[in-house]
Amino acid sequence: MAQKFEDDVVIAGIGQSAVGRRLGRAPLALTLDAITAAVADAGLSLDDIGGLASYPGGGTSVGPGFAGPSLADVYDALGLDVDFMMGSFEGPAQLGPVISGSLAISAGLTRHVVVFRTVTEGSARHAARGRQGGAGGESRETGRRAGGVEGPAVLSYALLARRHFHEYGTSRDQLAQIALTARKHAGLNPHAVFREPLTLDDYLSARMIADPLCLYDCDVHCDGSTAVVLSHAGYAADAPGPVVRLEAVGAAPPPRSQHPQHADLLPGRRAARQMWGRTDLRPGDVDVAGLYDGFSILTMFWLEALGFCGVGESGAFVAGGDRISLGGQLPVNTNGGQLSGGRLHGLGFLHEMCLQLRGQAGPRQAESARVAVVAVGALPYVGCLLLRADQ
Amino acid sequence: MSEPEGRGEHSMSARVRTKYTYEPGLTLSRFLRALGERRVEGGRCPGCAKVYVPPRVRCPACGAGPMTPVPVGDRGTIVSYTVVHVPVAGSPTKPPFAWAWIRLDGADVTFPHLLGGVPVEDIVVGQKVRAVWAPDDQLAPSWESILHFVPVPP
């Protein structure tokens, strides 16, 4: 493989704030916790940080608690003096700032870029529910989406899921394995939001949201912030701990994503093709994966788009759950994903895959994890990364 | 697992009333006015000949335009469906309700609309459906001129 910009970049540090349903803390405070942890983990000081990048950036409002603090606020609060800054909603989803930050490093604009993603959707949606006088008094889990603040996203993904069921014979028993495996893994993650065991019976008898998607097919809103430090590869030798190598990126959007009018069951296919075109590694080389599960069906779409199975074969691939569980062929979402770990929105998967490649995932460590994939987003914004453990 | 209840949360309730005028543009206005007369009017792409309902100014697939208005019937096929059990912000329809992608006969793309007149457990992908139009006094240049779609015998 020819020289590529990814070779110039390593992930030198990772950090995460507290994570919970409702922490009652300001987005900026959570962000500073995550960033200071990531910078310390990288063996750097704030004076070393030359770039700041985030998704979605200030001024973007998709829903209560979605956006996190603006880059300007973070910049001011930390007293940074940076040569590169970007925040963007449109791009390779929540991995956009990772890819842009890496390009900035490779292009020589700066040596160390902090990327963060902060959500307070747990607190903010709870407050919004109170205002709207929505259904209260339900249990912690079943009440979380009542109140009419959900918006139409789940309808679109329910229609896509039904279409997948119809075209390929996918079943609820199969789709359930995404949620059940996530919960099983979450039981090994002390920071996960939902850790109680979940059975297939629990899943099949759960409240339907928009069939075939039930409560457990929808991720759980939470509060939390994740940060990573991207560094020039020349820093790897000086870093205090193992770094993670950037092997290849996939940044290409879905083609003509006229979401409401075309049933696109492979939104990540162009990003995946681009990523595999930039590396000699192949899907069979991947040891562990973090695949977006805002809705469980999206993880199935990514398994197919990334070539872990054939198009339409994700149902059979995940059937029974063993293949995507720790100890299986391709452990998926080892931290519990967003379904059980909490909707840290994209960067949570990156944090977990870095822990895995550093051999620091504790009781949920995947065996000999050398290569990991992170894939996030849905229509119309997607992105993916291939990562390698350091030598 | 315990969780902090309301600690550090601050919220304010405020009622905001905004008057607005919605101007959908020439292409969509023509489509909506036709719905108000119980007609569905799609748009045929001059490049790839695909028929869009609703019509677009330009073809999202090949970029050509403008589209030629073309009458489309009010019968079609369920491409996918879901039974929605949660309230949807901004929608007056009370759950549970059936929501489907429908491809009208002669059209190449789908649009979402309500399904009615059928027990939800009997809905299947591929089912033929037809539009149920609003009574005369409720017709308007709006999607709501179609109350919902109902199955028709094959």
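Let's start with His345(A), which sits in the loop between α11 (337–340) and α12 (347–357) of chain A. This is a predicted model, in which local features need pLDDT of at least 70, side-chain atom pairs count only at pLDDT 80 or more, and totals for chains, interfaces and linings use all residues. Residues are numbered from 1 along each chain as its sequence is written, chains are lettered from A and ligands numbered from 1 in the order in which they are written, and side-chain values use heavy atoms, with hydrogens and water left out. Helices (H or I, at least four residues) and strands (E, at least two) are DSSP runs, numbered from the N terminus. Most residues other than glycine have a negative phi, and most peptide bonds are trans. Here are some exceptions.

**Positive phi**

- His345(A) is not a glycine, yet has a positive phi, near 65°.
- With a relative accessible area of 3%, His345(A) is buried (under 20% relative accessible area; exposed is over 50% and partly exposed in between, with a 1.4 Å probe and protein chains only).
- Arg38(B), also a residue other than glycine, has a positive phi near 60°.
- You'll find Arg38(B) in the loop between α1 (25–35) and β1 (40–44) of chain B.
- Arg38(B) is partly exposed, at 36% relative accessible area.

**Cis peptide bonds**

- In chain A, Leu379(A) is joined to Pro380(A) by a cis peptide bond with omega near -5°.
- Pro380(A) belongs to the loop between β10 (371–378) and β11 (381–389) of chain A.
- In chain B, the bond from Val53(B) to Pro54(B) is cis, with omega near -5°.
- Pro54(B) is placed in the loop between β2 (51–52) and β3 (68–72) of chain B.
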